[in-house]
Amino acid sequence: MERRPTITDVARHAGVSKGLVSLALNDRPGVNADTRARIRTVAADIGWRPNAAARSLTSRRTAALGLVVTRDPSIIETDPFFAAFIAGLEAVLSERGQVLVLSVVPDAAAEERTYRTLAGDGRVDGFIITDLRRQDPRVALVAELGSVAVTLGEPDVASPFPAVRREYEQGIDDLVRYLAGLGHTRIAHVAGNDDMLHGHARREQFERTAEALGLRWRVVPTDFSPEAGAAATESLLALDPVDRPTAIVHGNDPMAIAGMAVAQRLGFRVPEDVSISGLDGSQIGRHVYPALTTLDNDPAEWGRVVAATLLDLVDGEDPVDRTLTPARLIVRGSTAAPRHPA
């Protein structure tokens, strides 16, 4: 195999000492601008690349970020948000020579052990905290471990870490008002896990708007899984016609797609007999039939911004919160005026 060029080779070709090469290539002071530029040109010409292992020993950097997900693997498997989110993370990490350490754990105890192991063994430079919970202990845990993090959303506890957030409230308000404007007066929300801040916030916004519009509304809590979404939809469609909702807003797109399948299996036409919508803007919603009304989300954008924010923090920059484009209503074929308006 061809030998990989070293700083010794760079020094020989540039006619300078190894120490000067090290200073120049690591952006250290003590090298004038012309010499630094010449050394970098020589390094590029002979194909020199930094040795990640050697650099981590001197900088105490691992070039890795940690993502610990506490969910049933079957939920992650069927939720396109995670795949697109991770793709967004990797787009930034690969460009900057970083890697993602992903751990899927079953419960809070395993979650804490994993955080402590990754930080204690020096395997990651920082963490990405998703699925924020009420009084989330992970914020204090990461701080206790001497590490850094970025949260998806704003935690309800004091946090020294930056947050990347997207505003959903206006989009949910627009969705409920849109359905009411079509003539729907009986409307339901198949909600996600209420212990998760985003699930709780979505339910609360649905309730506020439905109450303000004087609708007959109800909420069925679930765990964000398609199976639970399907079961909740079936229970709603089994109600007496006078109580049965003519529109159902699901807490995420996988539940909405499962709900559409259940409705059609039971003989209900979508959207003539029941309008169905989601909230996550997943790409798959464009390709089901009828195409799913939802909110624009762009999980890949979440990933790109979260990765860039955390890497900046690891590099020593001040923590900066970032706000993404608000989630907006996307109207497609799964919603329409009720066939028999009240």
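Which residue of β8 is the bridge partner of His189? In this predicted model, the bridge partner of His189 in β8 is Val249. That pair belongs to an open sheet of four strands, and a second open sheet has six strands.

**The four-stranded sheet**

- The strand order in this open sheet is β7-β6-β8-β9, and the pairing is parallel.
- Strands β7 and β9 (275-277) form the edges; each has a single partner strand, so one side of each lacks a neighbour in the sheet.
- From one strand to the next, the twist averages 15 degrees.
- Strand β6 (residues 186-191) has six of its six residues buried, so the rest of the structure largely encloses this strand.
- Arg186, Ala188 and Val190 of β6 point one way, while Ile187, His189 and Ala191 point the other way, and all are buried.
- Six bridges pair β6 with strand β7 (residues 216-221) in the parallel sense; within this pairing, Ala188 has Arg218 of β7 as its bridge partner.
- Strand β8 (residues 247-250) is joined to β6 by four bridges, and the two strands run parallel.
- Helix α9 lies across β6, β8 and β9, and its direction is at about 170 degrees to β8.

**The six-stranded sheet**

- This open sheet has the order β2-β1-β3-β4-β5-β11, again with parallel pairing.
- Its edges are β2 (99-105) and β11 (322-323); each of these has a single partner strand, so one side of each is without a neighbour in the sheet.
- Strand β3 (residues 126-129) and strand β4 (residues 149-152) run parallel and are joined by three bridges.
- Within that pairing, Ile128 has Val150 of β4 as its bridge partner.
- Helix α6 (residues 80-95) packs on the sheet and touches β1 (64-70), β2, β3 and β4; the direction of α6 makes about 155 degrees with that of β2.

**The helix pair α9 and α10**

- Helix α9 (residues 169-182) packs against helix α10 (residues 197-212) at an angle of about 40 degrees, and the axes are 9 Å apart.
- This angle makes α9 oblique to α10, and the crossing of α10 by α9 is right-handed.
- On the α9 side, the contact involves Glu169, Ile172, Asp173, Val176 and Arg177; on the α10 side, it involves Ala201, Arg202, Gln205, Phe206, Arg208, Thr209 and Ala210.
- By class, the residues of this contact comprise five nonpolar, two polar and five charged.

**The helix pair α1 and α2**

- Helix α1 (residues 7-14) and helix α2 (residues 18-25) have axes that come within 9 Å and cross at roughly 105 degrees.
- Ile7, Thr8, Val10 and Ala11 of α1 make the contact with Lys18, Val21 and Leu25 of α2.
- The contact of α1 with α2 has five nonpolar residues, one polar and one charged.

**Trp48**

- Trp48 is located in the loop between α3 (33-46) and α4 (52-59).
- With a relative accessibility of 17%, Trp48 counts as buried.
- Apart from its neighbours within four places in sequence, Trp48 is in contact with Pro5, Thr6, Ile7, Val10, Leu25 and Ala43.

**Asp131**

- The loop between β3 and α8 (137-144) holds Asp131.
- Asp131 has a relative accessible area of 13% and is buried.
- Setting aside neighbours within four places in sequence, the contacts of Asp131 are Arg71, Phe82, Asp136, Arg138, Met196 and His198.

**Arg332**

- Arg332 is placed in the segment after β12 (329-330).
- Excluding neighbours within four places in sequence, Arg332 is in contact with Gly285, Arg286, Ala291, Leu292, Thr293 and Thr294.
- Thr293 and Arg332 are separated by 39 residues in sequence and by 4.6 Å in space, C-alpha to C-alpha.

Terms used: Residues numbered from 1 in each chain as written. Predicted model: local features only at pLDDT ≥ 70, side-chain atom pairs only at ≥ 80, totals over all residues. Heavy atoms only, no water. Pairing = 2+ DSSP bridges. Contact = heavy atoms within 4.5 Å. Axes fitted to C-alpha atoms, helices over the stretch in contact; angles between N-to-C directions. Parallel < 35°, antiparallel > 145°, perpendicular 65-115°, else oblique. Left-handed = near helix turned anticlockwise from the far one by under 90°. Nonpolar A, V, L, I, M, F, W, Y, C, P; charged D, E, K, R; others polar. Buried < 20%, exposed > 50% of the residue type's maximum accessible area, 1.4 Å probe, protein only.
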